[in-house]
Amino acid sequence: MKIGFIGAGHIGKALAKKFVKAGYPVIISNSRGPDSLQALIRELGELASAGTSEEAANADLVVLAVMWDQAPEALGKVKDQLAGKIVIDATNNMNSAATDKPTSVVISEQIPGAKVVKAFNTLMAATLDADPQTGSGNRVIFFSGDHPDAKDTVGKIITEFGFAGIDLGDLQQASPLTEFAKALSVQNLVSYPN
Ligand SMILES: NC(=O)c1ccc[n+]([C@@H]2O[C@H](COP(=O)([O-])OP(=O)(O)OC[C@H]3O[C@@H](n4cnc5c(N)ncnc54)[C@H](OP(=O)(O)O)[C@@H]3O)[C@@H](O)[C@H]2O)c1
């Protein structure tokens, strides 16, 4: 399964490292084009390549890791390509202008037909980048979505990375918990075996 990245900043880089470490090929894109990503590609190693957003959106599973205000433009170019695909939405709306719908629903509406799974949005990038195993426990990643098959795939990836995944339900249910400044936002939690 090839993973495409739309956004290659703090979160994009931290997640790309996890995918590469787990053996997935990744294609990474940003707004400035593939030439600007060469240093990152070298750092990520031979499983990584740089491309345009359109090339990244051709991957089997796509990660959205742009700032909230950048999402409409970033997704507008590739929305047809994303229909039917799993899209991991790692964005947060950190603007004062709140949306009247859950943020992941707003993202879903920008990419009709895509199977959006909200995940990896509650940890700071540096924490996400750290070892998910801490002592005998595993750092927690919350995820949510409206498509059980997509959540199943993302849940398995979260486990492969070494995190403890917690399924919070559908997008509507999870939003009040995981959005920016909500209860689980920036909570660096660890799950220990019983
Ligand atoms: N940083 C954190 O600790 C953290 C934690 C949890 C969630 N989040 C969320 O994750 C998202 C990304 O945050 P970040 O800190 O990684 O942001 P960032 O460092 O600013 O990176 C944003 C990336 O998006 C790219 N981009 C912008 N417009 C684009 C477009 N039209 N097409 C393709 N790529 C585009 C940028 O490319 P250029 O550089 O070429 O413009 C850049 O690579 C945000 O929604 C944020 O709220 C962040």
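This is a predicted model: local features need pLDDT of at least 70, side-chain atom pairs count only at pLDDT 80 or more; totals for chains, interfaces and linings use all residues.
I'll start with helix α6, residues 103-110, where the buried residues are Thr103, Ser104, Ile107 and Ser108. As for what lies over the buried residues of α6, the cover includes β4 (61-64), α4, β5 (86-89), β6 (115-119) and α9 (171-178).

Next, the whole protein. There are 9 helices and 10 strands. The radius of gyration is 15 Å, close to the 16 Å that the globule rule gives for 194 residues, so the protein is as compact as a globular protein of that length. Of those 194 residues, 44% count as buried.

Now the core. The largest nonpolar core has 55 residues, and Phe5, Leu15, Ile28, Val62, Leu64 and Ile88 have the most contacts inside it. Take Phe5 as an example: leaving aside residues up to four places away in sequence, Phe5 touches Gly12, Ala16, Val26, Ile27, Ile28, Ser29, Ala56, Val63 and Ala65.

Last, the ligand. Which residues are closest to the ligand? They are Gly7, Gly9, Asn30, Thr91 and Asn92, out of 27 that surround it. By type, the shell divides into 12 nonpolar, 13 polar and 2 charged residues. Helices α1 (10-21) and α4 (71-76) each supply at least two residues of the shell, and α1 gives the largest share, 3 residues.

Definitions and conventions:
Residues are numbered from 1 along each chain as its sequence is written. A residue is near a molecule or strand if its C-beta atom, placed from the backbone, lies within 6 Å of it. Helices (H or I, at least four residues) and strands (E, at least two) are DSSP runs, numbered from the N terminus. Ala, Val, Leu, Ile, Met, Phe, Trp, Tyr, Cys and Pro count as nonpolar, Asp, Glu, Lys and Arg as charged, and the others, Gly among them, as polar. A residue is buried if 20 or more other C-beta atoms lie within 10 Å of its own, exposed if 12 or fewer, and partly exposed in between; C-beta atoms are placed from the backbone. Two residues are in contact if their C-beta atoms, placed from the backbone, lie within 7 Å. A nonpolar core is a set of buried Ala, Val, Leu, Ile, Met, Phe, Trp, Tyr and Cys residues joined through C-beta atoms within 7 Å. The radius of gyration is taken over C-alpha atoms; the globule rule is 2.2 Å times the number of residues to the power 0.38.
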